[in-house]
Amino acid sequence: MKIEVSVQNMTFLECLSSETRVKIIELLNEKPLNIKEMSQALGISSAIVTKHIQKLTEAGIVSCESVAGKRGMQKICSLQMKQAILEFRPKRARPLTHTVSIPIGQYAACEVRPTCGLASSERIIGVMDDPRYFADPAHVRASHLWFGSGYIEYRLPNFLLGNQAARSLEISLELCSEAPGYNEAWPSDISFYINDIPIGMWTCPGDFGERKGVYTPSWWNNGTQYGLLKTISVSDRGTYVDGVRMSDVTIDDVNIQFGKDIGFRIASHETSVNPGGVSLFGKHFGNYNQDIDVILAYDIIGSKGN
């Protein structure tokens with residue numbers, strides 16, 4: 001039997017931390033014994049032996065059965081486990097996942113201030129620098145959007161069932177700062193939230209427009225051309241952007257619950273050190289032909305295979 005060295009298996013590992021329990025294992029390796037026989041062999045009370053046997057039974061090392069004796073029923077204990085291999089570096093099963101791609105125009109809420117605007121792959125949507133057009137139904141077709149300050153929020157679908165628990169959340173997106181026109185040296189402190197919980201802040205170094213984006217349409221001549229592809233991940237170890245720690249916020253802290261969508265907010269605060277705005281790029285814009293890609297990894301509650 002393989003036993004992973006982890007806190008989930010402390011019941012088993014604690015059995016081997018007691019000299020008395022190890023002696024009981026040695027005794028039962030010779031032959032099955034009842035509680036009284038082990039008590040006499042070890043020179044301790046039957047009550048103490050019973051507690052140790054209970055621990056060994058819970059760990060699956062020992063099994064007991066009640067049989068008829070000369071003076072009523074007695075508990076006969078046998079060594080059940082023949083061997084155990086401790087795994088310090090177990091091979092992990094590939095996690096179960098739900099994946100989804102959210103078009104950048106399909107946000108659920110926003111509060112933005114100029115400079116701002118939206119564009120599909122064919123044309124500008126509405127009028128630039130007028131926040132009212134972020135409520136235009138045509139915003140769902142946006143492949144590029146930008147704002148000088150404020151936030152935009154997406155509802156990420158949550159397909160977890162009642163017997164599943166979130167293990168990690170990974171979000172990949174292309175973004176950069178937002179300067180009037182463009183400015184390659186325009187730092188912006190961009191903050192991220194999951195379910196209204198601030199998970200961290202990343203400072204983008206600039207708003208990129210000196211060269212054409214790989215997928216940016218030929219008609220687009222309004223400054224910003226592409227962003228940087230960033231991957232935000234939240235797990236039981238904390239929150240990271242491209243593998244660099246952003247915060248101590250864990251997957252449990254963001255409260256992903258069965259039956260509730262996941263709120264993902266991207267914000268540029270006017271009060272931050274570098275209030276440089278946000279530009280987002282989806283398919284048919286920028287350097288990466290993708291929208292907001294989401295991977296939600298999960299475990300089956302009570303599963304022994306994870």
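## Basis of the values

The model is predicted, so local features need pLDDT of at least 70 and side-chain atom pairs count only at pLDDT 80 or more, while totals for chains, interfaces and linings use all residues. Residues are numbered from 1 along each chain as its sequence is written, and side-chain values use heavy atoms, with hydrogens and water left out.

Helices (H or I, at least four residues) and strands (E, at least two) are DSSP runs, numbered from the N terminus. Ser-18 sits in the loop that joins helix H1 (10–15) to helix H2 (19–30). Its relative accessibility is 13%, so Ser-18 counts as buried. Buried stands for under 20% relative accessible area, exposed for over 50%, and partly exposed for what is in between (1.4 Å probe, protein chains only).

Ser-18 is the cap at the N-terminal end of H2, with a side-chain oxygen 3.3 Å from the backbone nitrogen of Thr-20. A polar atom of the Ser-18 side chain also lies 3.2 Å from the backbone nitrogen of Arg-21. A polar contact is a pair of N or O atoms within 3.5 Å; within protein, one must be able to donate a hydrogen and the other to accept it, and residues adjacent in sequence count only if both atoms are side-chain atoms.

## The two sides of helix H2

H2 has 12 residues, and the distance from its first C-alpha to its last is 17 Å, close to the 16 Å expected at 1.5 Å a residue. The expected span is 1.5 Å times one less than the number of residues. Which residues of H2 are buried? They are Arg-21, Ile-24, Ile-25 and Leu-28. These residues cover an arc of only 100° around the axis, so they are on the same side of H2. The arc is taken from the directions that run from the helix axis to the C-beta atoms. An α-helix has 3.6 residues a turn, so residues three or four places apart point the same way. Glu-19, Asn-29 and Glu-30, on the other side of H2, are exposed.

The buried residues of H2 pack against H1, strand S2 (33–34), helix H3 (35–42), helix H4 (46–58), strand S3 (62–69) and strand S4 (72–79). Contact here means heavy atoms within 4.5 Å. Leu-28, in H2, counts as buried because its relative accessibility is 4%. Leaving out residues up to four places away in sequence, Leu-28 touches Leu-33, Met-38, Val-62, Cys-77, Ser-78 and Leu-79. Leu-28 and Val-62 are 34 residues apart along the chain, and their C-alpha atoms are separated by 8.6 Å.

## Helix H3

At the start of H3, a side-chain oxygen of Asn-34 comes within 3.2 Å of the backbone nitrogen of Lys-36. Ile-35, Met-38 and Ser-39 are buried in H3. Their arc around the axis is only 105°, so they lie on the same side of H3. On the other side of H3, Lys-36, Gln-40 and Ala-41 are exposed.

The cover over the buried residues of H3 includes H2, S2, H4 and S4. Just after H3, Gly-43 has a positive phi of about 70°.

## Cysteines

How many disulfides does a search of the whole structure find? The search finds zero, where a disulfide is a pair of cysteine sulfur atoms within 2.5 Å. The cysteine sulfur closest to that of Cys-64 is in Cys-77, at 3.1 Å, which is too far for a bond. Cys-204 is likewise in no disulfide, and its nearest cysteine sulfur, that of Cys-176, is 5.4 Å away.

Cys-64 counts as partly exposed, at 31% relative accessibility. Cys-204 counts as buried, at 0%.

## Aromatic pairs

A search of the whole structure finds seven aromatic pairs. Rings of Phe, Tyr and Trp (its six-membered ring) pair if their centres lie within 6.5 Å; planes under 30 degrees apart count as stacked, over 60 as edge-to-face and the rest as tilted. Tyr-107 and Phe-134 have ring centres 6.1 Å apart and planes at 35°, so this pair is tilted. The two residues are 27 residues apart: Tyr-107 is in the loop between strand S6 (96–102) and strand S7 (109–119), and Phe-134 is in the loop between strand S8 (124–125) and strand S9 (144–156). Both Tyr-107 and Phe-134 are buried.

Trp-220 and Phe-285 form an edge-to-face pair, with 5.4 Å centre to centre and 80° between the planes. Trp-220 lies in the loop between strand S12 (197–204) and strand S13 (228–235), and Phe-285 in the loop between strand S17 (278–281) and strand S18 (292–300), so the pair ties together parts 65 residues apart in sequence. Trp-220 counts as buried at 1% relative accessibility, and Phe-285 counts as buried at 0%. Ring pairs link Trp-146, Trp-219, Trp-220 and Phe-285 into a cluster.
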